Amino acid sequence: MLERGEVANSWRRERWDSLRLLTPNWLSRLPGHHYEGPDPDGYMTMGEVTEFIEHFARDSRAPVRTGVNVTSVRRIDDGYQMMTSHGEIRCRAVVIASGACNLPSVPQFKAAVPASIEQLTPFDYRDPTKLPDGGVLVVGASATGVQLAAELQRSGRPVTLSVGEHLRLPRTYHGRDVLWWMDASGVWDQRYDEVDDLTRARRLPSPQLVGTPERATLDLNALALTGVELVGRWAAVRDGRALFSGGLRNKLSLADLKMRRLLDTFDEWARTHGLGAEVDPGERFAPTRVPDSNRLQLDLRSGEIRAIVWATGFRPDYGWLDVPVIDEKGQLRHEGGVVDSPGLYALGLPVLRRRKSTFIYGIEDDAREVIDHLTRYLAADPQSAALCSSTTRTLL
Ligand SMILES: Cc1cc2nc3c(=O)[nH]c(=O)nc-3n(C[C@H](O)[C@H](O)[C@H](O)COP(=O)(O)OP(=O)(O)OC[C@H]3O[C@@H](n4cnc5c(N)ncnc54)[C@H](O)[C@@H]3O)c2cc1C
């Protein structure tokens, strides 16, 4: 197992200081490795996640070689040739477990933003003190965007939040963590080959959730109450002005509708599984309030905005993969983790084999099936040896 940094590298290097997992401790599990502390319903800090993964690597005796950067992988007759910062490796099979979020994904019109405005991505952002005083425009209202908007607003800066498509969720539903419902009701177990529109499912934004000791809901109503100004999706920059879509109302009502449908699914599941008393009557949440007037443009030269935080998602980096298996959107072409090149596999990507694949605990079931395929592939040639590329938590 080759890792360019240290075990749990992404959690050490690519996250902001206040981040906690949005999955509760009892759910943030790895095979044979569970949270054993006093707060199963709490949410791990980055230090705790790093420690948790380090312990897993140690207890599972994972053969991790840290500080080894894979710079190229190419197909050779009997397998793959891998160039690394520590020399060449040849192997019959490769598991790509290099993550789905290696780089921030930022729209091209970033380049048209006036130079007087500081621009950050979640990879640069650590805490509010590093930003200049004054207004901040946070772009993107998924988990990262709502969390950073809340933190920046608390720091005393006026925050404007640009809202595109998003997934609204309450933190708790009928007294239980909403992710308990996702897990128990089987929603997260839905398989990739049962999902209607897999491409879309793989590109869904992360839910508007935050892990706090109070188990607080962090939806747009909660943000607006603290003074965050909501504007529509940022569409373009023209003559130094940010132009926002006029479709904010639609985006808000669509997210409300999807949340209601999901909660209905939970209720239905509860009734058919003897938990009807828990969900009757159904718990409902106020619709997202549409701002009285939402601005359609903002003059970026006026000094109102001093910093922009691009919370517009992440993308994988396959710059080192010299095998023609990347589509035009930069995503790996694979069928449930079996990549379209003999002996090449993937783990740790969104909805790889199930909806839960996106999350730490989703790896276990995926890995079992992917490794099963890999083992059968190698069994065709007993002389061969498998190698697992770059991962902190893959399970060979
Ligand atoms: C901001 C954020 C918050 C998240 N919050 C949660 C959460 O609350 N709960 C949850 O369950 N999931 C969460 N996730 C998802 C979670 O990060 C993934 O499920 C999990 O990290 C996937 O693990 P992985 O080992 O596959 O990928 P990663 O954690 O990305 O690890 C990939 C590793 O590969 C290494 N690597 C990459 N390229 C190379 C190379 N060329 N050579 C050598 N090594 C390489 C990297 O250094 C890295 O250590 C979050 C993700 C993000 C981005």
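Q: Which residues come nearest to the ligand?
A: This is a predicted model, and of the 27 residues around the ligand, the nearest are Glu3, Ser10, Leu22, Thr23 and Ile360.

Q: What does the side chain of Glu3 do there, in terms of distance to an oxygen atom of the ligand?
A: A polar side-chain atom of Glu3 sits 2.6 Å from an oxygen atom of the ligand, and for Ser10 a polar side-chain atom lies 2.7 Å from a ligand oxygen atom.

Q: And Leu22, side chain or backbone?
A: Backbone: a polar backbone atom of Leu22 is 2.6 Å from an oxygen atom of the ligand.

Q: How much of the ligand does the protein bury?
A: The protein buries 92% of the 990 Å² that the ligand exposes when taken alone.

Q: Which elements give two or more residues to that shell?
A: Those are strand E1 (2–3) and helix H1 (9–13), with H1 giving the most, three residues. By residue class, the shell divides into 12 nonpolar, 11 polar and four charged.

Q: Switching topic, how much space lies in the second largest pocket?
A: About 340 Å³, and of the 19 residues lining this pocket, Ala150, Arg154, Val210, Thr212 and Leu218 are the closest to its centre.

Q: Which helices give two or more residues to the lining?
A: Helix H3 (143–154) and helix H6 (220–225) do, and H3 supplies the largest share, four residues.

Q: How do the lining residues divide by class?
A: The lining of the second largest pocket has nine nonpolar, six polar and four charged residues.

Notes: Residues are numbered from 1 along each chain as its sequence is written. This is a predicted model: local features need pLDDT of at least 70, side-chain atom pairs count only at pLDDT 80 or more; totals for chains, interfaces and linings use all residues. Side-chain values use heavy atoms; hydrogens and water are left out. On a 1 Å grid over the protein atoms alone, a cavity is a set of points where a 1.4 Å probe fits but cannot get out, and a pocket is an open set with protein on both sides within 12 Å along at least five of seven lines; lining residues have an atom within 4 Å of a point. Grid points are joined across faces, edges and corners, and a volume is the space filled by probe spheres set on the points. Ala, Val, Leu, Ile, Met, Phe, Trp, Tyr, Cys and Pro count as nonpolar, Asp, Glu, Lys and Arg as charged, and the others, Gly among them, as polar. A residue is near a molecule or strand if one of its heavy atoms lies within 4 Å of it. A polar contact is a pair of N or O atoms within 3.5 Å; within protein, one must be able to donate a hydrogen and the other to accept it, and residues adjacent in sequence count only if both atoms are side-chain atoms. Accessible areas come from the Shrake-Rupley method with a 1.4 Å probe; for residues, only the protein chains shown count as cover.
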